[in-house]
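The stops below are meant to be selected in turn.

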Amino acid sequence: MTRSDWSDWLPRAVEAADPETVAIWYLGCNGFVLKGSEGTTVFIDPYVGVGSPPRTIRMVPIPFDPEDVTEADAVLATHEHTDHVHGPSQAPILENTGATFVAPDDSLSVAYDDEAWFDDYDLTEDQFEEVTEGDTVEIGEFTVHVEPASDPDATHPVSYVFEHESGTFFHGGDTKPSEEFSSLGETYDIDLGVLAFGTVGNIADKQTGEPVRTKWYNDENQIIEAASDLDLDRLLPSHWDMWKGMTSDPKVLHHHAKSFAAPRSLELVEIGDRVDL
């Protein structure tokens, strides 16, 4: 079990926050926590694992211990990869808070079968809710729409659109550009959108250990294409900080975005940073 590099200051900061709109903290990798003005708290893809060295090597601190989280209404997963569905990162949050785990079918299969969360944690079946594209879920003050995602490395990825009285937030998981995004950009007025960004790198093959040229996330052109189709007001690049060999510099996106009408601005954050909707 990994332990936080930062003690418990981040969970305590979330609990103490009293946002006027929606406060959003970046947890590194593709993890976020949202807290609304009425106190509803939602985690998305929180991951505090270290990867599987030497194939995947974590490059950022572990910002919190899930055992220290005492307030959460839901934990959402975008797809089944281990840095998005991970028992040691997420099950203690469910156990401590009674929160609901909201995820598509293949993500739930990781919890039920691959990792057998019920064997190791005190959880109940009614804490798990399966969703698919087209569903809408009410979580406290948030209305969450489940929308398509395009991630060829995942078996069933989804994206989430959070509607709140103060604005709209989009989390795309590890999605690449999708033909669905133009219609989403017309349907929703997205104030802040998260898209995964990274570089191409050599990652050790699982079987042979030999380095293989690998591309898991959007490059500079893809992330701006997706942001433009979604008509984002603000683009927040994620995932660029996480894996050795896949890291990148999101500041380069200023050059790629400047000739497009959207995104209208870039929201560049580091692990532990807070932005408001």
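The tour goes from the whole chain to a sheet, then to a loop residue and some aromatic rings.

This is a predicted model, in which local features need pLDDT of at least 70 and side-chain atom pairs count only at pLDDT 80 or more, while totals for chains, interfaces and linings use all residues. Residues are numbered from 1 along each chain as its sequence is written, and side-chain values use heavy atoms, with hydrogens and water left out.

**Whole chain.** Show the protein chain as a cartoon: its secondary structure comes to 7 helices and 18 strands. Both are DSSP runs numbered from the N terminus (helices H or I, at least four residues; strands E, at least two). The C-alpha atoms fill a box of roughly 50 × 50 × 35 Å along the principal axes. Colour by accessibility next: 56% of the 277 residues count as buried (buried is under 20% relative accessible area, exposed over 50%, partly exposed in between, with a 1.4 Å probe and protein chains only).

**The sheet.** Select strands E9, E10, E11, E12, E13, E16 and E17, which form an open sheet in the order E9-E10-E11-E12-E13-E16-E17 with mixed pairing. Two strands pair if DSSP finds at least two bridges between them. Which strands stand at the edges? They are E9 (136–139) and E17 (265–266); each has a single partner strand, so one side of each is left without a neighbour in the sheet.

Now zoom in on E13 (residues 192–196) and E16 (residues 234–238), which run parallel and are joined by 5 bridges. Leu 192 stands opposite Arg 234 in E16.

**A loop residue.** Select Glu 180, in the loop between E12 and helix H5 (181–187). Glu 180 is partly exposed, at 35% relative accessible area. Ala 103 lies 77 residues from Glu 180 in sequence and 20 Å away in space, C-alpha to C-alpha.

**Aromatic rings.** Show Phe, Tyr and Trp side chains. Rings (for Trp, the six-membered one) pair if their centres lie within 6.5 Å; planes under 30 degrees apart count as stacked, over 60 as edge-to-face and the rest as tilted. The count comes to 15 aromatic pairs. In one of them, Trp 216 and Tyr 217 have ring centres 6.2 Å apart and planes at 70°, so the pair is edge-to-face. Trp 216 is buried at 18% relative accessible area, and Tyr 217 is buried at 3%. Finish at the cluster that ring pairs build from Tyr 26, Phe 32, Phe 142, Phe 162 and Phe 169.
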